[in-house]
Amino acid sequence: MNARIVFEAAGPLTTIQDRGRTGVMRFGVPPSGPVDRLAFAASLAATGAADGWAFELSHGGGIVICEEGEIGFALCGGGFIGDIDGDEPQAWRVGTLRRGQRLRVRAGAGNWAYLAFAGQHAAPRWLGSSATHATSGLGGGPITAGMAFDFTAPRPLEACILPPPPSAEVPDRFAVVLGPQDRHFPAEAIAQLTQAPFTATARFDRMGRVLGGPPLVPASIAMPSEPALRGCLQADGDGGLTVLLADHQTTSGYPKIATMIGPDIDRLAQVPAGHAFHFEVIDAPEALRRTRAAASAHEAWRRALAAPGRLDERLWSNNLVDGFIDATRP
Amino acid sequence: MAPAPAVRPIGESAVLIDFGGEISVATNERVVALDRALAAAPPLGMVETVPAYVALMIVFDPLVTEGDHIAAHALTLLETAATEQRTPREHVIPIRYTAAPDLEAVATATGLTPEEVIARHLDGEYRVFMYGFGPGYAYLGGVPHALQVPRKPRAERGHPVGSVIIAGPQCLITTLPMPTGWWVIGHTDAVILDSVRAQPFLFDPGDVIRFRRAEN
């Protein structure tokens with residue numbers, strides 16, 4: 001028997017995301033995919049859909065009702081909490097939604113969460129991926145109230161709470177590599193980047209997040225458009241910084257003073273508005289070392305989530321949680 | 001021989017091969033040549049490349065390789081790529097100048113008549129320098145001097161896909177109904193981005209574009 005899920009409510013930034021598309025940035029198409037890649041991967045691992053897709057939710061949260069059948073779900077990321085028919089709301093929640101039951105998802109301290117289901121549903125694809133490019137709505141697409149999703153081969157999941165990943169802690173330092181256009185900035189701006197406190201603002205979407213802090217005014221913004229990458233810290237003419245996220249424009253005429261390392265980008269996207277932090281400038285080899293350490297910890301985490309047996313016991317007994325902390329915060 | 005490009009890291013997962021200087025066909029030709037050479041002989045771990053006016057970004061998997069290896073590979077290819085002669089692919093794109101809400105305004109701004117604007121626009125030989133801004137937005141350089149007008153102070157909504165728009169030395173054919181501050185001087189039925197086509201994007205950087213006037 002199939003399961004049918006219907007959105008009774010959906011926040012404005014709700015979309016379908018898979019891991020994203022590669023190879024088409026050259027044609028102006030960014031990778032898209034989840035803003036928080038680790039939480040997304042956890043939701044898929046917990047539902048057994050490693051190459052699948054999930055709903056990405058933001059502050060508006062959402063309400064889904066199971067209209068037919070029953071189906072397991074995982075709600076991961078950003079401290080978002082879910083309750084079933086008004087039971088105790090919990091974050092990082094795995095469980096089963098039965099016919100007539102409502103799952104209500106509300107925002108936590110973070111900004112992005114992933115809701116995955118343990119079943120099959122062929123989401124719309126565009127250029128080889130179901131990741132939604134939010135600006136155009138192409139890909140799996142934006143979610144609005146009333147949309148229904150039929151899943152084949154639905155499986156129930158035993159209720160549990162995933163131990164929150166240590167990366168959910170709010171960091172006060174984020175690592176960057178200078179460039180690619182740091183030469184467009186005066187020495188004082190480079191010094192400010194490493195010394196001044198910055199804040200994450202409430203001005204964000206899937207393209208980027210505006211940062212608060214001292215203006216890092218480029219000496220000149222007269223430059224040809226150059227390729228841009230997720231994680232680039234782009235300065236506008238007044239020196240305001242934006243960190244580029246999953247749906248970033250693929251080229252831009254604004255100089256990028258520095259680029260965040262991969263694992264730190266998603267964490268900055270998740271921190272609550274108003275959070276203060278510093279940037280730490282490291283060189284490319286150190287950035288590579290940290291990214292590789294984080295990736296192996298993430299991989300161990302995902303494997304544990306996907307393995308049989310009781311989840312919390314597996315994670316704690318393997319000391320993965322501690323290992324994760326060590327790997328990402330040397 | 002042209003000077004060697006600068007190599008700049010972009011985080012831990014990309015490098016920028018930067019040929020530097022002002023926007024020019026000669027420099028963009030070096031970008032395109034390196035891009036082609038990398039496609040023919042990709043280094044281990046390369047994920048994708050993004051050509052722009054004067055620089056090429058090479059994105060790689062940091063779990064497989066590192067920037068120094070990617071850059072060394074690219075610089076080696078550059079020696080042979082630079083000497084290769086290439087005949088650019090040419091496209092002829094039909095334009096209707098009737099669906100042209102800004103034709104009069106461009107005529108006023110340039111001191112030409114609308115028919116003269118059209119004639120100048122058709123005279124141009126355009127080059128695909130790069131994509132950017134949005135999916136399928138190909139920046140076509142080569143708008144004749146007499147037609148170069150700065151973009152509007154603010155973007156406007158409501159222009160259909162296929163709008164032919166100009167600003168400064170650039171021309172562009174829209175692929176999405178996104179707001180634009182460029183001047184809409186025509187419309188084409190040519191589909192630049194068709195996701196179900198074998199080659200979804202009609203142009204490659206380095207291609208040459210000519211416009212012809214379509215029958216209404």
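**Domain 1 and domain 2 of chain B**

Reply: Between domain 1 of chain B and domain 2 of chain B, 4 residue pairs are in polar contact, both residues at pLDDT 80 or more. A polar contact is a pair of N or O atoms within 3.5 Å; within protein, one must be able to donate a hydrogen and the other to accept it, and residues adjacent in sequence count only if both atoms are side-chain atoms. Helix α1 (residues 25-40) of chain B gives the largest share of the domain 1 side of this contact, 4 residues. By class, that side divides into 6 nonpolar, 2 polar and 1 charged residues. Here Ala, Val, Leu, Ile, Met, Phe, Trp, Tyr, Cys and Pro count as nonpolar, Asp, Glu, Lys and Arg as charged, and the others, Gly among them, as polar. Helices (H or I, at least four residues) and strands (E, at least two) are DSSP runs, numbered from the N terminus.

The model is predicted: local features need pLDDT of at least 70, side-chain atom pairs count only at pLDDT 80 or more, and totals for chains, interfaces and linings use all residues. Residues are numbered from 1 along each chain as its sequence is written, chains are lettered from A and ligands numbered from 1 in the order in which they are written, and side-chain values use heavy atoms, with hydrogens and water left out.

The domain assignment of chain B gives domain 1 (6-81) and domain 2 (90-213); such bounds come from an automatic or database domain assignment. The C-alpha centres of these two domains of chain B lie 28 Å apart. In contact (heavy atoms within 4.5 Å) are 9 residues of domain 1 of chain B and 8 residues of domain 2 of chain B. Together the two domains of chain B bury about 770 Å², 57% of it on carbon and sulfur atoms. On the domain 1 side, N28(B), P51(B) and Y53(B) supply 55% of the area buried against domain 2 of chain B, more than any other three residues. Buried area is the accessible area (1.4 Å probe) that two parts lose on being put together, summed over both.

There is 1 salt bridge between domain 1 of chain B and domain 2 of chain B. A salt bridge is a side-chain nitrogen of Lys or Arg within 4 Å of a carboxyl oxygen of Asp or Glu. R127(B) and E29(B) form a salt bridge, with their closest N and O atoms 2.9 Å apart.

Next comes the contact of chain B with chain A. It takes 45 residues from chain B and 41 residues from chain A. About 3,200 Å² is buried between chain B and chain A, with carbon and sulfur atoms giving 68%. Within chain B, the residues that lose the most area to chain A are E12(B), E48(B) and F201(B), together 18% of what that side buries. The interface of chain B and chain A holds 2 salt bridges. D18(B) and R183(A) meet in a salt bridge, at 3.1 Å from N to O. The same rule-based count for polar contacts finds 12 residue pairs across the interface of chain B and chain A, both residues at pLDDT 80 or more. On the chain B side, β1 (6-10), β2 (14-18), β3 (46-51), β4 (55-60) and β6 (126-131) each supply at least two residues. β3(B) supplies the largest share of that side, 5 residues. By class, the side of chain B that touches chain A has 29 nonpolar, 9 polar and 7 charged residues.

Chain A also has a domain contact to set beside these. Its domain assignment gives domain 1 (3-165), domain 2 (170-282) and domain 3 (290-328). In contact are 7 residues of domain 2 of chain A and 5 residues of domain 3 of chain A. These two domains of chain A bury about 380 Å² between them, carbon and sulfur atoms giving 56%. I261(A), P263(A) and R267(A) supply 66% of what domain 2 of chain A buries against domain 3 of chain A, more than any other three residues. The count there is 1 salt bridge. E280(A) and R290(A) form a salt bridge, the closest N and O atoms being 3.1 Å apart. Helix α3 (residues 262-270) of chain A gives the most to the domain 2 side of this contact, with 3 residues.
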